[in-house]
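Subject: Structure handover

Hello,

Here is the structure I promised to pass on. Please open it first, then read my notes below.

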Amino acid sequence: MTKRTKPTGCYAGSESNFQKSAIKLVRSIAKCDPRLVTHIPNGGQRTIMAGARLKAEGVVKGYPDIMVFSYKWMGLEDHMCGLALELKVWPNKPSPEQEELHALLEKQGWRVAVCYSLEAVEQV
């Protein structure tokens, strides 16, 4: 097994605070209406009943934290659908469900990035 290397400038704080800072940043720099930038609230601790209700309502495991429903994000190619950002606080990494969904989105024309810092979010 290969040892993972900590990315430079990792966010120091909770994933919730990282999420709040990142969504604010993305909405401020996105070249689209800010309403096309949204958070997908899949994470967090839930009771078994709440999880079952969300699943019945159509929630799917693995979606990235932030979705930008515009191909105009920072000059994306015309054939791309939008941008999907997975935010992680080191040493967390994407789950197998997330990696599978990321690959599926990429096949559909989405740009997907896993970001460990606000700088990484800004550079996507």
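Two strands pair if DSSP finds at least two bridges between them. Helices (H or I, at least four residues) and strands (E, at least two) are DSSP runs, numbered from the N terminus. With that in hand, E3 and E4 run parallel and are joined by five bridges.

Some ground rules. This is a predicted model, so please note the cut-offs: local features need pLDDT of at least 70, side-chain atom pairs count only at pLDDT 80 or more, and totals for chains, interfaces and linings use all residues. Residues are numbered from 1 along each chain as its sequence is written, and side-chain values use heavy atoms, with hydrogens and water left out.

**Overall picture**

The protein has four helices and four strands. Along the sequence they follow the pattern α-β-α-β-β-α-β-α. The radius of gyration is 15 Å, close to the 14 Å that the globule rule gives for 124 residues, so the protein is as compact as a globular protein of that length. That radius is taken over C-alpha atoms, and the globule rule is 2.2 Å times the number of residues to the power 0.38. The C-alpha trace spans about 40 × 35 × 30 Å along its principal axes.

Buried residues make up 36% of the 124 residues. Buried means under 20% relative accessible area, exposed over 50%, and partly exposed in between (1.4 Å probe, protein chains only). The protein exposes about 8,100 Å², and carbon and sulfur atoms supply 55% of that area. Accessible areas come from the Shrake-Rupley method with a 1.4 Å probe; for residues, only the protein chains shown count as cover.

Contact means heavy atoms within 4.5 Å. Of the contacts with a separation of 6 or more, 66% are between residues 24 or more positions apart.

**The sheet**

The four strands form an open sheet in the order E1-E2-E3-E4, with mixed pairing. Its edge strands are E1 (37-39) and E4 (111-115), and each pairs on one side only. Neighbouring strands are turned by 20 degrees against each other on average, direction ignored. Axes here are lines fitted to C-alpha atoms, for helices over the stretch in contact, and angles run from 0 to 180 degrees between N-to-C directions.

E2 (residues 66-68) and E3 (residues 83-87) pair in the antiparallel sense over three bridges. Met 67 stands opposite Ala 84 in E3. On the E4 side, Glu 86 has Val 114 as its bridge partner. Leu 87 stands opposite Cys 115 in E4. The chain crosses from E3 through H3 to E4, and this β-α-β crossover is right-handed. Right-handed means that, with the strands pointing away from the viewer, the path from the first strand over the helix to the second runs clockwise.

E3 is mostly covered: five of its five residues are buried. Leu 83, Leu 85 and Leu 87 point one way from E3, while Ala 84 and Glu 86 point the other way. In a regular strand the side chains alternate between the two faces of the sheet.

**Helices on the sheet**

H1 (residues 15-29) lies across E1, E2, E3 and E4, running at about 170 degrees to E1. H3 (residues 96-107) lies across E2, E3 and E4, running at about 150 degrees to E4.

**Loops worth a look**

Pro 64 is found in the loop between H2 and E2. Is Pro 64 buried or exposed? Pro 64 is buried, with a relative accessible area of 0%. Leaving aside neighbours within four places in sequence, Pro 64 is in contact with Ile 40, Ala 84, Leu 85, Glu 86, His 102 and Leu 105.

Lys 61 sits in the loop between H2 (48-56) and E2. Lys 61 counts as exposed, at 62% relative accessibility. Not counting residues up to four places away in sequence, Lys 61 touches Asn 42, Glu 97 and Leu 101.

Finally, Pro 91 is found in the loop between E3 and H3. A cis peptide bond joins Trp 90 and Pro 91, with omega at about 15 degrees.

Best wishes
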